[in-house]
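User: Hello! I am new to this structure and would like a friendly tour of it. Could you show it to me first?

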Amino acid sequence: IKNYSPKEIEKKWQQVWQEEEAFAATDDYSKPKYYALVEFPYPSGQGLHVGHPRPYTALDIVARKRRMQGYNVLYPMGWDAFGLPTENYAIKNHIHPKIVTENNVKHFKEQLQSLGYSFDWDREINTTDPNYYHWTQWIFLKLFNAGLAYKSEMPINWCTSCKVGLANEEVVNGVCERCGAPVVRKVKSQWMLKITEYADKLIDGLEGLDYIEKVKVSQKNWIGRSQGAEVDFSLKDKPEKLRIYTTRPDTLFGVTYMVLSPEHPYIDKYQDEIQNWEEIAAYREQAARKSDFERAELAKEKTGVEIKGLRGINPVNGQEIPIWISDYVLMSYGTGAIMAVPAHDERDWEFAKKFGLPIVEVVAGGDVQNAAFTDVATGKLVNSGFLDGMEVADAKKAILQWLEEKKVGTPKKNYKLRDWVFSRQRYWGEPIPVVQCDKCGYVPLPEGQLPLELPEVESYMPTDNGESPLAAMTDWVNTTCPCCGGPAKRETDTMPQWAGSSWYYLRYTDPHNEEALASKEAMKYWLPVDWYNGGMEHTTLHLLYSRFWHKFLYDQGVVPCPEPYQKRTSHGMILGENGEKMSKSRGNVVNPDDIVEEFGADTLRTYEMFIGAFELSASWSQEGVKGCRRFLDRVWKLQDMVTDGEGYSKEMETRMHQTIKKVSSDFEALKYNTAIAAMMALINEFYHVGRVTKGELRTFLILLNPVAPHITEEMWQDMGFEGRLYQASWPEYDEAKTVESVVEIAVQINGKTRAVVKLPKDIGKEEAIAAGKEAVAERLTGNIVKEIYVPGRIINIVQK
Ligand code: ANZ
Ligand code: ZN
């Protein structure tokens, strides 16, 4: 046979597949459908890295297998192309971001195509294409008209280097997720989206979904729904009450002080009565410089100042207690004020210890002078008047009833989730289709004026005062109000990168539609996405945002189902050989192009699937790559060993059925590595017996095809099998034939094992006993009085 030369065969088949439109999703809605989706990449200047092919290959395997199972498969690809790195590159190199994007997309696409993915390239989308962002803007108008988009003056996370407002999700450990520069708080007028209105739906909707558990858990934690109560404390000698939020109203008898957030309005309100005003003012200034993230950190040293001149009164026992300010209480959560129960809350405990405040135990079971006792499942109430002796859960009910009767408290749900900061003061994003009119306020553009295209600007540089570069385009900015026809100004902020990716899976179902974001029929047929794989890091950003938009569009009657993705899985990272994250500075970056060049795309694909458990991170190993190439070399050389025979040989039959079964189920269960291991073992077996029948090879090529599509397609053709391999049917297995047909049976004499015989599993009693007797013939010297056969297990001969 000819040599295995991936360079020749891979390019060749990629072209054939393209010409034959092998992987086009059809509009034949009578067929069963399967929609497999991977997160579309941001086309960065660095090109593809070896992390990308891991998820892309995994779902390519699923997509190829589904086609062979008779499904109409949609496996699309596109570009999430707005965003900061492109804009920053454009600024630095004086190239239009559009050109930068075009170049990067071209490069990325070539790289992806060299890996032989079965994407339907006719459905390629690009978020920066006006035909695409037309509909991103259209969705924004829907949100605006539904009252879910609003403008708000608010302190935002401001990246000092990117000069852009960031959502909480984009601030990681107090620094900008993108560039690593410190993030400070800055008050700006921002477009906000009311994702909080969907908090309950976003939690409750998770119920029926097939998401891996850790994704569900982290979405729930991010939304952070908690069930508690708001309670009014009186202020001594003041008419007003101070309202707090607590999840533990049962601990009310243990309150020994209260805390206001430094931004709490009562501080200014009672300025004249606060005796240590200067100290308080100084503390507030200090707190303003910290991010919420730093302030909420559990481990940090507690700070605070007692407010002299304000005292609270505990509604359950009339006790007078001091009020402090401290930055561990955030204005953005609950009411910005708390009742402190140091005996049963960790942060309060640390604070009390530091400032010598009393600690009063109200739930028995801990040692509260030495540590906060936070367990709610055990322990009964003490020192708590009418609650004494109750379990925590019962005490909660009792106190809530009491608070409601006395009209000093009500049950209350709270959420950690904040509304989504939707403005960016940058150029390379979707223009927000709204104008500001002196008379009419914020007015949405009429739908007919979409898409509102990005104008050409001289400079993409954001201004130091935080305005978008669009603000300098006065010709563009000055416009007329669609409502009254008077002079108006266009919004100059643009949308965040998360906008385009919040609905892209809808567009793939009908990407060329000019009348709608997608036709109803297309969405009805293709949605929801059957399997969506993406990075764990997108769980609380992209995944949550897109579920929010989808649920909104569902409520608007735009999409036909309440959830966008039925199943969500996540892959682990690929690390360098040294087990560290790949990065230029560590010099451990592997370029996929180099692997394809040296070993071939099929080897890269096989290796990335074989590298380890899909959900865990794994270190790159060049030796491992070579091992996968050797495996494919051995596959190739099977052609030398082929014997006639359309079926499976007797000795390989069980093995074939077992392998079909294992590969079929492993491909569904993210166990790509063990599926490949099973195929490697099967190959070893072929070599062991020294031949492979046509029928065995045919099945083997189909099983391996989703992983290594080029080599298998070539061999299929060389073998003269009918049609194309990509059109073949996925092999069936017979459950009965997966079970070993030969079993080992112990032969006993008077209950003692004397030999073991291998016999057909379904052998009859007579034959089994005869075979057993033959195996121990030398020892059968006495009178045989009994012969026992326990099917498949024991032959026992009793002699005297
Ligand atoms: C008294 C108490 C006693 C509390 C106890 C906890 C345990 P989650 O579950 O996260 O919702 N809290 C309320 N508002 C706050 C704010 N603005 N900044 C910081 N902390 C705040 O947390 C609710 C609990 O966090 C509330 O219940 C309150 O402390 C605190 F044994 O009240 B708790
Ligand atoms: Zn107007």
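Analyst: Here are some questions and answers about this structure. This is a predicted model, in which local features need pLDDT of at least 70 and side-chain atom pairs count only at pLDDT 80 or more, while totals for chains, interfaces and linings use all residues. Residues are numbered from 1 along each chain as its sequence is written, and chains are lettered from A and ligands numbered from 1 in the order in which they are written.

User: What pLDDT does the chain average?
Analyst: pLDDT is the predictor's confidence in each residue, from 0 to 100. In this chain, 99% of the residues score at least 70. For the complex, the predictor gives an ipTM of 0.92 and a pTM of 0.85. The average pLDDT of the chain is 94.

User: Which residues come nearest to ligand 1?
Analyst: A residue is near a molecule or strand if its C-beta atom, placed from the backbone, lies within 6 Å of it. There are 18 residues around ligand 1, and strand 12 (241-246) and strand 16 each supply at least two of the shell. Helices (H or I, at least four residues) and strands (E, at least two) are DSSP runs, numbered from the N terminus. Those that come nearest to the ligand are Ser226, Thr246, Arg248, Gly334 and His344.

User: Which residue of strand 16 is the bridge partner of Val259?
Analyst: Two strands pair if DSSP finds at least two bridges between them. Strand 13 (residues 257-260) and strand 16 run antiparallel and are joined by 4 bridges. Within strand 16, the partner of Val259 is Ile338.

User: Are the residues on both faces of strand 16 buried or exposed?
Analyst: A residue is buried if 20 or more other C-beta atoms lie within 10 Å of its own, exposed if 12 or fewer, and partly exposed in between, with C-beta atoms placed from the backbone. Strand 16 (residues 337-340) has Ala337 and Met339 on one side and Ile338 and Ala340 on the other. These residues on both faces are all buried.

User: Which elements do the buried residues of helix 16 pack against?
Analyst: Because 11 of its 14 residues are buried, helix 16 is largely enclosed by the rest of the structure. Among those buried are Leu543, Trp549 and Phe552. Two residues are in contact if their C-beta atoms, placed from the backbone, lie within 7 Å. The packing partners are helix 5 (130-145), helix 6 (199-204), helix 7 (213-223), strand 18 (420-421) and strand 24 (567-569).

User: How far apart in space are Gly174 and Asp292?
Analyst: Gly174 sits in the loop between strand 7 (171-172) and strand 8 (175-176). Beyond its neighbours within four places in sequence, Gly174 has contacts including Ser291 and Phe293. Gly174 and Asp292 are 118 residues apart in sequence, yet their C-alpha to C-alpha distance is 8.8 Å.

User: What is the phi of His94?
Analyst: His94 is in the loop between helix 3 (84-93) and helix 4 (97-113). This residue is exposed, with 8 other C-beta atoms within 10 Å. Although His94 is not a glycine, its phi is positive, at about 55°.
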